[in-house]
Amino acid sequence: MDKYIINGGEKLFGSIEIQSAKNTVLPLLAASILTDEPVRIRGVPKINDVESMLLILSEVGCKITRKKDSLVIDSSNAVSHEIPTRLTKELRSSVFMLGPLLSRFRRAKISYPGGCDIGLRPIDLHLSGLQRLGVEIAERDGYIHCETQKLLGAEILLDFPSVGATENIILAAVKADGITVIRNAAKEPEIIDLQHFLNAMGAKVCGAGGGTVAIEGVKRLHGVDFVPIGDRIEAGTYLIAAASCGGEIETQGVPPENIAALLHKLRENGCKIYTKNDKIVLTSNGALRAVNIVETMPFPGFPTDLQAQYTALCTTAKGSTLVVENLFETRYRYAAELKRMGADVTVRGRTAFVRGVERLHGACVTAGDLRGGAALVLAALKAEGQSSVVELSYIDRGYDDFEGKLRRLGAKIRRVRI
Ligand code: UD1
């Protein structure tokens with residue numbers, strides 16, 4: 001087990017190359033079994049969630065080759081439609097395998113997916129969408145058993161624009177008979193990237209990003225060589241770090257429109273932001289003013305995956321901020337740890353009320369989930385004195401070389417074995 005030792009108080013300066021988006025790479029890996037030709041995905045981050053997905057693909061019978069940061073998935077010998085509990089419990093995205101497995105084998109059996117414990121996270125929308133495509137679903141022995149004679153295109157209206165459900169239905173529909181239309185579909189940039197990827201394999205998907213996605217089923221898909229979009233959550237995390245600590249950093253690889261909601265808030269906080277193409281430059285003197293309210297929403301609203309990091313920023317902004325989490329029920333577990341560093345945060349249900357304090361002080365804190373863990377690191381970077389952060393396996397789920405990238409910006413952070 002490792003921990004971070006962080007000496008706070010350094011300003012951050014420099015440039016960061018952003019990794020391919022975790023939330024694109026995971027569904028693309030699942031999609032790789034839609035063809036029996038090799039699929040190459042470039043710029044893949046070394047993170048635990050990707051490793052978990054690769055174990056799932058190996059279990060299905062795929063051959064995986066790694067060349068630097070590229071992955072080649074060859075599923076020509078894929079044989080299994082089953083994913084056992086030991087593999088799904090680590091990763092909620094294991095549910096993305098349902099659509100591709102059904103497309104390939106007409107059958108799928110997976111145990112209920114796990115992942116970070118940030119609320120209920122049901123999969124009812126995934127399952128009802130698949131049922132609309134002609135899949136019969138039974139739940140027994142902790143497993144979801146899915147079977148279909150033939151996937152048939154259908155009209156599907158999602159009660160909520162779920163990212164995962166939208167992606168899973170697209171993945172099941174690309175080789176179905178006929179046309180599928182998903183209304184109230186999620187609009188996240190990762191959905192658009194999935195559309196680009198599938199179309200590059202020969203699929204006929206359109207409308208992603210606009211709320212209605214239409215998929216005309218095709219007979220077969222072919223191999224592809226693809227570079228996914230940059231990770232807007234990773235970029236947002238470093239931008240928040242620099243805003244909070246002060247300094248000037250540049251992120252490369254994420255179009256500003258993909259994190260416009262965050263940039264808008266950071267400007268209100270008093271940061272100067274300049275953007276050009278895929279470059280974002282942020283300058284901050286570290287003395288921020290609080291914004292009144294920040295509320296998480298589906299894209300293009302403020303992303304829930306940046307809520308914790310942004311709340312860490314609010315702890316030392318001048319004034320008070322009301323944070324409202326609309327996506328997940330229990331996404332404030334990190335708040336108790338922030339309090340150990342001197343933050344003034346009151347959590348009631350889905351809201352957190354943050355009164356800015358002059359400064360935080362170092363403490364030993366424990367990560368409880370991926371983004372909450374990142375928030376603790378950001379708080380420690382600006383706290384007075386030394387902090388340690390334990391349970392890094394959560395942070396390793398989504399950040400490739402977090403400490404190395406922060407160190408190159410001037411942060412005093414070390415990873416040590418406990
Ligand atoms: C994806 C992201 C995750 C992000 C989230 C919201 C990936 C791999 N993960 O997760 O990082 O935090 O989007 O932006 O892309 N819901 C249901 N029934 C369902 C599905 C979802 O009620 O069948 C609810 C969830 O409980 C939650 C909301 O819908 O309240 C949003 O979930 P969803 O958009 O599906 O998130 P994920 O795809 O799990």
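**Terms and values**

Modeller: Proline 300 is found in the loop between β18 (293–295) and α10; helices (H or I, at least four residues) and strands (E, at least two) are DSSP runs, numbered from the N terminus. This is a predicted model, where local features need pLDDT of at least 70, side-chain atom pairs count only at pLDDT 80 or more, and totals for chains, interfaces and linings use all residues. Residues are numbered from 1 along each chain as its sequence is written, and side-chain values use heavy atoms, with hydrogens and water left out.

Colleague: What is the omega of the cis peptide bond from phenylalanine 299 to proline 300?

Modeller: Omega is near 10 degrees for that bond.

Colleague: Why are α8 and α10 called roughly parallel?

Modeller: The axes of α8 (residues 232–245) and α10 (residues 307–314) cross at roughly 5 degrees and come within 10 Å. Axes are lines fitted to C-alpha atoms, for helices over the stretch in contact, with angles from 0 to 180 degrees between N-to-C directions. Angles under 35 degrees count as roughly parallel, over 145 as roughly antiparallel, 65 to 115 as roughly perpendicular and the rest as oblique. The two helices are therefore roughly parallel.

Colleague: Which residues make the contact?

Modeller: On α8 they are Ile233, Thr237, Ile240, Ala243 and Ser244, and on α10 Gln309, Tyr310 and Leu313; contact means heavy atoms within 4.5 Å. They divide into 5 nonpolar, 3 polar and no charged, where Ala, Val, Leu, Ile, Met, Phe, Trp, Tyr, Cys and Pro count as nonpolar, Asp, Glu, Lys and Arg as charged, and the others, Gly among them, as polar.

Colleague: How many cavities of 30 Å³ or more does the structure hold?

Modeller: There is 1, with about 40 Å³ of space in the largest cavity. On a 1 Å grid over the protein atoms alone, a cavity is a set of points where a 1.4 Å probe fits but cannot get out, a pocket is an open set with protein on both sides within 12 Å along at least five of seven lines, and lining residues have an atom within 4 Å of a point. Points are joined across faces, edges and corners, and a volume is the space filled by probe spheres set on them.

Colleague: Which residues line the largest cavity?

Modeller: Val44, Pro45, Lys46, Arg66, Lys68, Asp69, Ser70 and Leu71, or 3 nonpolar, 1 polar and 4 charged. Lysine 68 sits in the loop between β4 (63–67) and β5 (70–74) and has a positive phi of about 50 degrees although it is not a glycine.
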